[in-house]
Amino acid sequence: MTFRGRLILSLLVAALVPLLVFALGVRRELSVRLERGEEAANRQAVAHVHKSLSDESAAIESRLQVIARDLAQDPRTVRALAGDASARRWLIDYGAGAASTAGLDALMVQDSAGTVLSSSQFRNLYGRQEPRLPQRDSAQVWLVRTPRGTAPALGRTAQVTVAGQMLLLSGGIMLDSAWLGSLSADTSISVALRLPGDSAPARTEIANLALPLAGVGGGVADIVLWRRSSNVAALRNGISQRLATALALSGIIAAALALLLGARMSRPLRNLTERAERVDIDHLDEDFASGRGDEIGRLSTALGAMQHRLGRSVAQLRDAERRAATGDLARQVNHDIKNGLAPIRNVLRHLSELAGGEDAAALQEVYRERESTLTASVAHLEEMARNYAQLSPRTSGGHARVAGALREVVRDIDDARISVEIGGDAAGVAVAADAATLRRILHNLLSNAIESLPDHTGSVTAGIEHGPETVTISITDTGRGMSAAELDGAFRDFHTTKESGTGLGLSSVRRLVMELNGSLRASSSPGAGSRFEVSLPRSLTRDSHP
């Protein structure tokens, strides 16, 4: 993630998380307080409805008592009960007028046998038997027959004795939706009546007030209270909407600020990055100067100081490389000159021995035999001089017979411990290499093999094998051998275990073999000697038998 992306994310988190925590905390606290307030309001509403029912029930009973006293004091009631026709018509019509005067919706007068004497709903009920409303000291639901059907009413009863007969008065008010709604002082709370068999709507009810149900089957009728709208739910929805709006606005503002700050902070960093990318080993003059006093200014100063230190280090490194290259070249020249002078020294020693002996006549013949060695060694030194004049010793093209070069090197070293094994079919094979380079490879390998023999004992065997495309020269000795670690280090430049050695023998062999597109394999173990195998491309056009 980029620096700008991290900055935007950090500002968004810093702006939104505290706001979200605060809003959720406020929402929760307000919800708890409102829930407690609603619970208290619900309890108060239930108590108010219960009290209203009780008060209305008591009022109905008081009205019935007034009607009962009126009947008992009116002489027409006595005559009606005695069978007077005119008084009976008055009693039949009495119910409707008395109910209206007393403020009742329903009124029925019955004798002790349940015979209807007067009814506010139907005049023709006179003389019929109707179920009597049970006598209770509290409110009950009375199913009253009306011209439109049966309707529930809040009913009460009262008794009065006239002319020795007991009369039962049943009266009530209709429990319609308007009257039930007036029971609650809280406009957000609804009140309804639920009779047995009615379906219950999907709503959360506050309370059920059970009232006895008078009529066929009896049972219980419920006065149900529920809240039409919840302040808690409305608050939660409102806070959620405003929280979403606040979070969106805060996110937009935070993102805009982050983009602005990121642009102002990333621009100088990007400039520093571009200048730092232009710095390399040959370009150490980049200007990192900055007039800023903040962290970016300190970073610019640090980069400038680092570039200065890097410039000094590069100068020191180049100077050290020049000195090392000069030393390496001197050691390489010393090594190659010593290898070139060794055959000349051996020939001169041989000639000196003959010149000081009795058989001086053989001097001329030996000189002619060894003249080619002197000529080849001088040519080798001249070739090295030309190569080093170009500061890089190189091999030249050509073709050389392996057997002849091997015999010449063995004769130049002149050590009886070296034996050569060349098969008859390998005597004339040639490789794609110049003779001087091939002799350098063989001389280095044979010299190292002789030097590895302890106390001038042991043996060195040189052999030649060839295939269709390569010629393999093997040098095997019975010397002290090398461990795996010593063998790995033997091919590194300037690695030597001899006091007067240059450490360039095997490394030169490896370089020369690689320049000839050949391969070098070595195996050795302590106390069991070593074996080196050089494989070079075969030159079929120059193969011939001596």
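Trainee: Where does D414 lie in this predicted model?

Mentor: D414 sits in the loop that links α8 (402-413) and β10 (418-422). Its phi is near 55°, a positive value in a residue other than glycine.

Trainee: Why is D414 called exposed?

Mentor: The relative accessible area of D414 is 58%. Exposed means over 50%, so D414 counts as exposed.

Trainee: Which loop holds A163?

Mentor: A163 is in the loop between β4 (149-162) and β5 (165-174). A163 is not a glycine, yet has a positive phi of about 55°.

Trainee: What makes A163 buried or exposed?

Mentor: A163 has a relative accessible area of 55%. The cut-off for exposed is over 50%, so A163 is exposed.

Trainee: How many residues has the largest nonpolar core, and which have the most contacts inside it?

Mentor: That core has 45 residues, and L53, I67, L154, L169, I223 and L225 have the most contacts inside it. Helix α1 (residues 3-73) gives the largest share of this core, nine residues.

Trainee: What makes this set a nonpolar core?

Mentor: Its members are buried nonpolar residues, which means under 20% relative accessible area, and they are joined through side-chain atoms within 4.5 Å.

Trainee: Which residues is I223 in contact with, leaving aside neighbours within four places in sequence?

Mentor: Among them are V49, L53, L180, V191 and L193. N208 is also in contact with I223.

Trainee: Which residues belong to the second, separate core?

Mentor: That core of 39 residues includes V429, L453, M482 and L487.

How values were computed:
Residues numbered from 1 in each chain as written. Predicted model: local features only at pLDDT ≥ 70, side-chain atom pairs only at ≥ 80, totals over all residues. Heavy atoms only, no water. Helix = DSSP H or I, 4+ residues; strand = E, 2+ residues; numbered from the N terminus. Buried < 20%, exposed > 50% of the residue type's maximum accessible area, 1.4 Å probe, protein only. Contact = heavy atoms within 4.5 Å.
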